[in-house]
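Here is a brief report on one protein chain.

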Amino acid sequence: MLRFAEEIMLLILDDSGEFVRVPAWPLHCALAGGVLMDLALEGRIDTDPERLFVVDPAPVGDDLLDSALARIAGTPETFHASHWVRTMADGAGRVRARVLERLVDHGILECRERSFLWVLRSRRYPTLDARPDREVKRRLMSVLFGDDIPDPRDGAIVALADTCGIFEHTLSRREVRSTAERVALVSGLELMLQAVSSTVREGRAPAG
């Protein structure tokens, strides 16, 4: 099973192996939120309206999740979930790079580099195995255009995709308008997802 951060990167990859240009801060918040959501679904952390806290400090066995869990568990104070979204989004460039490495290692993507006079000019990630990409998009569309209460993972990927502005690139304007109420409902079901959205709305990276 892919992690949320991996699914987010697949959602912004187009058919040519190039990534859709989404603003960096919303994307980094979504990646950070994805890591935190995975930790929550693994039973390692939880949230209430005031704070995010560790339930079980035992490693999951996943390098993306375990480094974040160790950082939270090693902090003596407790903070609101938005604090951890901001903190981890500030280093999400490293998360993004690791996610791409993992997708290549899984045999889902291929890394192709283009250089001129030994200087790297561009990097593309053509799809080798399209099944994970098709599956996450199928789940996303099922939530968007369905009426049932979504599975927590499916609802979360919709909310995180909305955070990045992915729907503006993958849906028509009419579809964006018609699904806005559904997206807002799904995004409001989980405190962690509310924290991700509120952090993006601040519109700036953390100071320092």
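Predicted model: local features only at pLDDT ≥ 70, side-chain atom pairs only at ≥ 80, totals over all residues.

Rings of Phe, Tyr and Trp (its six-membered ring) count as a pair if their centres lie within 6.5 Å; planes under 30 degrees apart are stacked, over 60 edge-to-face, and the rest tilted.

Phe19 and Tyr125 make a tilted pair, with 5.8 Å from centre to centre and 55° between the planes. Phe19 sits in the loop between helix 1 (4–11) and helix 2 (24–41), and Tyr125 in the loop between strand 4 (119–124) and helix 6 (131–144), so the pair ties together parts 106 residues apart in sequence.

Phe79 and Trp84 form the edge-to-face pair: the ring centres are 6.3 Å apart and the planes stand at 80°.

How accessible are the residues of these pairs? The table lists them.

| Residue | Relative accessible area | Class |
|---|---|---|
| Phe19 | 17% | buried |
| Tyr125 | 9% | buried |
| Phe79 | 24% | partly exposed |
| Trp84 | 3% | buried |

Now the whole chain. It has 10 helices and four strands. Their order along the sequence is α-α-β-β-α-α-α-β-β-α-α-α-α-α. The radius of gyration is 17 Å, close to the 17 Å from the globule rule for 208 residues, so the chain is as compact as a globular protein of that length. The C-alpha atoms fill a box of roughly 50 × 40 × 35 Å along the principal axes.

Of the 208 residues, 45% count as buried. Among contacts between residues at least 6 apart in sequence, 64% join residues at least 24 apart.

The chain exposes about 11200 Å², with 50% supplied by carbon and sulfur atoms. On the surface, Ile149, Leu185 and Leu189 form a nonpolar patch with about 360 Å² of accessible area together. Leu185 belongs to helix 9 (residues 173–187).

Definitions and conventions. Residues numbered from 1 in each chain as written. Heavy atoms only, no water. Patch = residues over 30% accessible without salt bridge, like charges linked within 9 Å, V, L, I, M, F, W, Y side chains within 5 Å. Areas by Shrake-Rupley, 256 points an atom, 1.4 Å probe, with all protein chains shown as cover. Salt bridge = Lys/Arg side-chain N within 4 Å of Asp/Glu carboxyl O. Helix = DSSP H or I, 4+ residues; strand = E, 2+ residues; numbered from the N terminus. Rg over C-alpha atoms; globule rule 2.2 N^0.38 Å. Buried < 20%, exposed > 50% of the residue type's maximum accessible area, 1.4 Å probe, protein only. Contact = heavy atoms within 4.5 Å.
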